[in-house]
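This report looks at a helix pair and at a set of salt bridges. The structure is shown first.

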Amino acid sequence: MKIAVMKESCPGERRVPLIPATAEKLVKLGAELVIESGLGQSCRFEDADYEKAGAAVSAARRELLQSADMILRLRKPPADEIELMKKGCIHISYLDPFNEGELVELLRRAGVSAVSLEMIPRSTLAQKMDVLSSQANVAGYAAVLLGAEHLDKIFPMMTTPAGTIKPTRVFVIGVGVAGLQAIATAKRLGAVVEAFDTRPVVEEQVKSLGAKFVKIDLGETGQTKDGYAKALTPEQLALQKEGMTKACARADVVITTAQLFGRPAPRLIDSKMLAEMRPGSVVIDMAVESGGNVEGAELDKVTEIGGVRVIGFGNLPGRVAETASQMYSANLGNFVEHFWDKKAKVFNLNRNDEIIKGALITHDGEIVSEMYKSIINK
């Protein structure tokens, strides 16, 4: 089975989909692995490193797309490359299917079996393949470093001959994978950390990291079966806003992480809340690429609003590209290995498997994802 790994063409993307260590793993499975020349250069992996791992290297991108039985990449495929893929090809990457209806339709028409890695179920078995969690982890780390870089204060408390310097106060909104890593990183840097989430169940996790959980009585809340926070009612949103305004006002750095699966990110901080913050404070909007949690946040810009610096940088994992690539590559390799038939040396696209059911969007000229169909038909 010929597996082609494509070099990323998205401007500014420094992550790579496959590192040499994972390439060696796939070759040992019995795959005919071919990488596009220059695949790993943004993370200082040379073509020779992949050849040493047993992969072939080709500069013929068009030929790779036309001949591959499976295509691996990081981001969604360019539309003009889909028609080059042969019918029955298995394509595995991020797809952002709920915002890319036209792309999904092109994949369906081409007869490509398109796997969307964002759609892998959040189960114990699938943890090793969970790209959302691995990339959110490094994004949470990067967000704190951005806050430290743009704040005109140091994070830790210092006792010096010139006096005692108070520690920075950090407020994290949303205690998923990214939020937990942000809390842990801010604590390691010496900050006093508070955190809030609509799911009371995460309070113990926050406390275990040495942070304070901000309690706001919202009445009945909860989470979905996949661990995502449920949408709040207008009344609950008003109560949440009141409580968060107080926490934001006493913070030097605010990090927002809230996202809703398949929908635009919720607006958590508006201009009135920003006005309550001290000039020189910093807000990092980690959801800016999906609509943003913060009013006034602009993608890939630092916007100053009433003296508060609002940071809206996208692709935070790309700011620590080598580590992010290592984690993504491991997820990708684990996914392929899990469904690999070692005797036949082929990928077994088992339509009855729960992981495949969740992640497979198109197959044999049809849209097969029930979740995708249910959401786009609403």
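## Basis

The coordinates come from a predicted model.

## Helix H1 against helix H11

Helix H1 covers residues 20-29 and helix H11 covers residues 321-338; their axes come within 9 Å and cross at roughly 10 degrees. Angles under 35 degrees count as roughly parallel, and H1 and H11 are therefore roughly parallel to each other.

On the H1 side, the contact is made by Thr22, Lys25, Leu26 and Leu29. These meet Ser329, Ala330, Gly333, Asn334, Val336 and Glu337 of H11. Sorted by class, the contact of H1 with H11 has four nonpolar, four polar and two charged residues.

Glu13 has 9% relative accessibility and so counts as buried, while Arg75, with a relative accessible area of 25%, is partly exposed.

## Salt bridges within helices

In helix H5 (residues 101-109), Glu105 and Arg109 are four residues apart, about one turn of the helix. Their salt bridge has its closest N and O atoms 3.1 Å apart. Glu105 is at 24% relative accessibility and therefore counts as partly exposed; Arg109 has a relative accessible area of 61% and is exposed.

Helix H13 (residues 370-376) holds another pair, Lys373 and Glu370, which lie three residues apart, about one turn of the helix. The side chains of Lys373 and Glu370 meet in a salt bridge with an N to O distance of 3.2 Å. Here Lys373 counts as partly exposed, at 27% relative accessibility. Glu370 is exposed, its relative accessible area being 56%.

## A salt-bridge network

Salt bridges also link residues into a network, made up of Glu36, Arg61, Arg73 and Glu81.

Key:
Residues numbered from 1 in each chain as written. Predicted model: local features only at pLDDT ≥ 70, side-chain atom pairs only at ≥ 80, totals over all residues. Heavy atoms only, no water. Axes fitted to C-alpha atoms, helices over the stretch in contact; angles between N-to-C directions. Helix = DSSP H or I, 4+ residues; strand = E, 2+ residues; numbered from the N terminus. Parallel < 35°, antiparallel > 145°, perpendicular 65-115°, else oblique. Contact = heavy atoms within 4.5 Å. Nonpolar A, V, L, I, M, F, W, Y, C, P; charged D, E, K, R; others polar. Buried < 20%, exposed > 50% of the residue type's maximum accessible area, 1.4 Å probe, protein only. Salt bridge = Lys/Arg side-chain N within 4 Å of Asp/Glu carboxyl O.
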